[in-house]
Amino acid sequence: MENNLKENTFETDLTKKLINEFQSYQSKLNGDASGSLNQLRTDAMSVFEKLGFPVKKMEEWKYTNLSPVMNHDFKFSPDLSGSDFTQADIDKYIFSAGNVNLLIFINGIFNSELSSVISNNENIFIGSISEGMKNHKQIFEKHYSKYADYRNRSLAALNTAFSPEGAFIYLKKNTELSTPVHILNISDSKKNSVFSQPRNLFVIEEGSKIYIAEDYYSVGDNFSFTNMVTEFYCGKNSHAEHYKIQNEDDKSFHVGMTQVHQEQDSHFSNTTISWGGSIIRNDLNSVFDGTNTESHFFGLYLLSGKQHVDNHTLADHKMPNCYSNELYKGIIGDNATGVFNGKIMVREDAQKTNAYQSNGNILLSDDATIYSKPQLEIFADDVKCSHGATSGQLNEDEMFYIKSRGIGDKDAKSLLLKAFVSDVIDSIKIEEFKINIEEKMEMKLKNILK
Amino acid sequence: MLTIKNLKAKIETSEGDKQILKGINLTVNPGEIHAIMGPNGSGKSTLASVLTGREGYVVTEGEVIYDGKDLLELDPEERAREGIFLAFQYPIEIPGVSNVNFLKTAINEIRKSKGEEPMSSVEFLKAMKEKAKLVNIEPEMLSRYVNVGFSGGEKKRNEIFQLAMLEPKLSILDETDSGLDIDALKIVAGGVNKLKSKDNAFIVITHYQRLLNYIVPDFVHVMFDGKIVRSGGKELALELEENGYDFINALKENAEV
């Protein structure tokens, strides 16, 4: 096994640099961090050292090649005073003027001056993880690194070794928070190429409700690499709406893992939208650890140029009577590539599972590519599961019909493409955020149809 | 308004090219209604497709002059902006696009092409309400996706509703009567009659004479094998009703002799 793993790794300068960086990182932390956390980091780093960065030989990474990421001279702890960013710099990323809890991270580092949290009280904590682990030590220790498996995943291991720095959200039992949380992650490569590793922990206890939008941007002319992990605990009968929007530029790389743990009767919905970034890999996994849970995965990738976006999802049905539904749609132009790999796992005890999945793609050019692979693994006998994948071009009859009413070629395409993705966009339940998303989509479509 | 001279066109199919129009001549003036009749496969719908610029049709000879312009040089959307409208034989369903959004986009694109300001929302809603009445369109239908879940009759009424909203100069109705019961037919015909004026013209393509009881044509043309083989007044339609397309069979036999 060991040999096998070694064969699948490749030593890079970046790997070596990360190992060195870890040593200096750990020496800085000595005394500051608790013993168990330090042990976790050391363990995680040894996993990363063993596994290295994923390579295309691995089945799970068959279509996504990270080697272009390795060539850049990333800095890990960029000198960011925070004064670099002003309110004016931030304004253009904000979708709501008032009614929002805003957390800002620049290169993974919390910026408390520009962040503004309005909902905190004895039942609600929204803030940075370094603050949260002090204020809610027990909750942190109970949940942190309990869901995202770093032992078999090198990137999650790498994130775990250098973390935690990221957002921490905690809702006590029976707390409904209607004011959304907007987590703004900005990669700033103005001075040099940057490597950041946000680590978020969301703990939503029994009967509570939350809306969270994770928004990723980049600024600067150098390269940026984000390796993020979000752990999401959904307590009994809780309700979570979670969005991840990737707006980075074409010098940005993003790999990320969102690991969800769902208790009985909980409802979780995620929408992942990718339209910015050079190479993106998202892993979204939900484990159904209680009966009667419900999970929705929505996704949209809108790609142009040479963009490459890979979405891997897993709905892991462990318990009976659960429901999962997945809808991913892609519009792929130019030389861009989309990868969709959606797995539904129905374990032996998960009788009466309802699990559905669908992936639809529109290819706008002959050089656009989609690799779509639905996977069903079913070990229970009384289940309803279905999956389907389509890919094609815009419908010519529809195009002619629209044009025959005086609407030009680009507008006709735009109209049909917006219609195609409308069910994914409608999954966004924060109204102001949805408007913001629609505006961005309009711009991206113009860019694709240029 | 429209002059078609010796128009010949073929379609490109996987089994090779097929010549459909074999020399059409037709002149349409403002204020006129022309009916084009003929058996299935005579080229009526192909003529509509060529006039509106559908892909897959290749003009091999002849010309079409519309308002002094070479129509065949224009893209489908440019033809629409110049005032040509096709009521489809099989209207297309567009999931995700509402009727309101569709029409608003169309009207404003047409206005933009003429250098006009977009229609205000108030003006647009007023026009919608007014024109919907013409063809008995329920307001509820307007917020629904274009033709999705519409019955055959509703789709045809929606075509005439769009026609009313876009106010074209030359409207081509391609078998608008097919699949309509007599009540729906009367509604559709009533709408067309209210919309006709001395400045616009209609080409009504139909297999049956029935529609022409309600939309009375100034001219009737009979198409067969890619050509107009007879033209006359409205009485020609009645003659066809009585005798069918027998005379065409006679033509066919003559050709074979």
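Which residue in S10(B) is the bridge partner of Ile33(B)? I found Phe202(B) there.

Before going on, I noted that this is a predicted model, where local features need pLDDT of at least 70, side-chain atom pairs count only at pLDDT 80 or more, and totals for chains, interfaces and linings use all residues. Residues are numbered from 1 along each chain as its sequence is written, while chains are lettered from A and ligands numbered from 1 in the order in which they are written.

**Strand S10 of chain B**

I looked up the neighbours next. S10(B), residues 201-205, pairs in the parallel sense with S3(B), residues 33-37, over four bridges. S9(B), residues 170-174, also pairs with S10(B) in the parallel sense, over five bridges. (Strands are DSSP E runs of at least two residues and helices H or I runs of at least four, numbered from the N terminus; two strands pair if DSSP finds at least two bridges between them.) Here Leu170(B) has Ala201(B) as its bridge partner. From S9(B) the chain crosses through helix H7(B), residues 182-195, to S10(B), in a right-handed β-α-β crossover: with the strands pointing away from the viewer, the path from the first strand over the helix to the second runs clockwise.

Then I checked burial, which means 20 or more other C-beta atoms within 10 Å of a residue's own, with C-beta atoms placed from the backbone. Five of the five residues in S10(B) are buried. Ala201(B), Ile203(B) and Ile205(B) point one way, and Phe202(B) and Val204(B) the other.

**Chain contact**

Last, I noted 16 residues from chain A and 20 residues from chain B in the contact (C-beta atoms, placed from the backbone, within 7 Å).

How values were computed
Contact = placed C-beta atoms within 7 Å. Buried ≥ 20, exposed ≤ 12 C-beta atoms within 10 Å, placed from the backbone.
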